[in-house]
Amino acid sequence: MAASPPPIATVDHPRLLLHGFLSPETCKELEFVHRSCGTAGYRPSVVSTSLPHLAATGCGHLLLPFVPIREQLRDAVESFFSCHFDLFVEFTGLISWCKGASIGWHSDDNKPYLRQRVFTAVCYLNNHGKDYKGGILRFQDGEPSCVVPVAGVSSTHTDVVIYTADSRNVHCVDEVTEGERLTVTLWFTRDSAYDEDPKLLAFLSQTSLSYEPAFQNSYIPLPASDNIDQDSNSRSVPASEDPIELLGKPLRVGRRYDVFEKIFANSLHALQVVQFYYWKAPELAARRKQTAGGSETVCNHTIQIQQSRGMKLPLPCDHGLAQTIFGSYDNMEFAFEWSDFVLAVAMWESYSEELKRKLSTFLPFWLSNETIFVVNSSETQVYCEGNSALT
């Protein structure tokens, strides 16, 4: 993090704006996680990705990109507010405000069930004016009075604002009029009873301790159970036609009249690969240009496509609804190529397998310390050597 010198904050309304917090690539990785794992949020037109949800859907390995960010943000908050080693992360979330989302004046501890919150950190992952319009964070009193993330394709930083969660920093968010405003938001508490980590570790110990590298499908996401024992007679539609049931079944992906031959385990599996492709599309296009003229590669890619004329989609595709929720912004700066998508499938598998391997290595350290933290590489080496000696 290469933060600029902090502005002087008033005692009455303590807050701090930092620049240069996350790299553009880190922001893109978090955007990938959110677009492939997000769920309906806590307000209309809000989509959120929480760490417990990642663990519950077999994607616990995708919380690894959050770990250093949580530590950096906690260090920044503890340093600014002079409360070293005194804070616990109460909640970590990727939150997108879509078209129509807004919230009026409030403090972040304004409900009885939120009284434990003492500090807030909001880390912007995209830029106002370029990726979305509206959605400006405004404070009722004090400076800075509002936060407008810098736009521009040459931007090499992301902004973070940290502030107290109490009535000294009453704030609102203007309505998002176009696009999607994406942030990583953390709330901090001094009460260990509200520490997020023990709950996460309980989830992870149930879903990740049985990980075996030889099991090729260990990184494939699974729909979270709704824990509802629904009688078959009470269904409004047969199970074979229930959209929720269909989303959990194997499927293929297509574009216009082309259908990719690979069968994905479920909708979350397909969605994650598709979003990985969009994350890596510029890199994939650059690779293709560097290897232009490789006819054998192109041939191998094209034989994996089938024609879908006359096929019927089992689920409706409502482009109007998508535009209503996400707006009309179109930031696609590349043309879709099936050959790139084939490579993206292999890259996603390697990426997921590597994260899963790291999680299996880090988890014993987290469990023994009862907290989630960045594990030093030397510690993991000693641990691995010790396990090798035992075997």
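Hi everyone, let's start with two helices: H1 passes H6 in a right-handed crossing, where right-handed means that the near helix is turned clockwise from the far one by less than a right angle, and left-handed anticlockwise. Before going on, this is a predicted model, in which local features need pLDDT of at least 70, side-chain atom pairs count only at pLDDT 80 or more, and totals for chains, interfaces and linings use all residues. Residues are numbered from 1 along each chain as its sequence is written, and side-chain values use heavy atoms, with hydrogens and water left out.

Helices here are DSSP runs of H or I with at least four residues, strands are runs of E with at least two, and both are numbered from the N terminus. Two packed helices are described by the angle between their axes and the distance between the axes. Helix H1, residues 24-37, packs against helix H6, residues 267-290, at about 155°, with the axes 8 Å apart. The axes are lines fitted to C-alpha atoms, for helices over the stretch in contact, and angles run from 0 to 180 degrees between N-to-C directions. H1 and H6 are therefore roughly antiparallel to each other, a term for angles over 145 degrees.

Now to the sheet. In what order do the seven strands of the open sheet come? The order is S1-S10-S6-S13-S4-S3-S2, with antiparallel pairing; two strands pair if DSSP finds at least two bridges between them. At the edges are S1 (15-18) and S2 (39-40), each pairing on one side only. H1 packs on this sheet, touching S2, S3, S4, S6 and S13, and its direction makes about 105° with that of S3. Contact, by the way, means heavy atoms within 4.5 Å.

Let's look at S13, residues 181-189. S13 pairs in the antiparallel sense with S4 (residues 88-97) over nine bridges, and with S6 (residues 117-124) over seven bridges. How many residues of S13 are buried? Nine of its nine residues are, buried being under 20% relative accessible area with a 1.4 Å probe, protein chains only. Arg181, Thr183, Thr185, Trp187 and Thr189 point one way, while Leu182, Val184, Leu186 and Phe188 point the other.

Last stop: phenylalanine 139, in strand S8 (residues 137-139). Phenylalanine 139 is buried, with a relative accessible area of 5%. Leaving aside neighbours within four places in sequence, its contacts include Trp105, Tyr163 and Val170.

Terms used: Buried means under 20% relative accessible area, exposed over 50%, partly exposed in between (1.4 Å probe, protein chains only). Angles under 35 degrees count as roughly parallel, over 145 as roughly antiparallel, 65 to 115 as roughly perpendicular and the rest as oblique.
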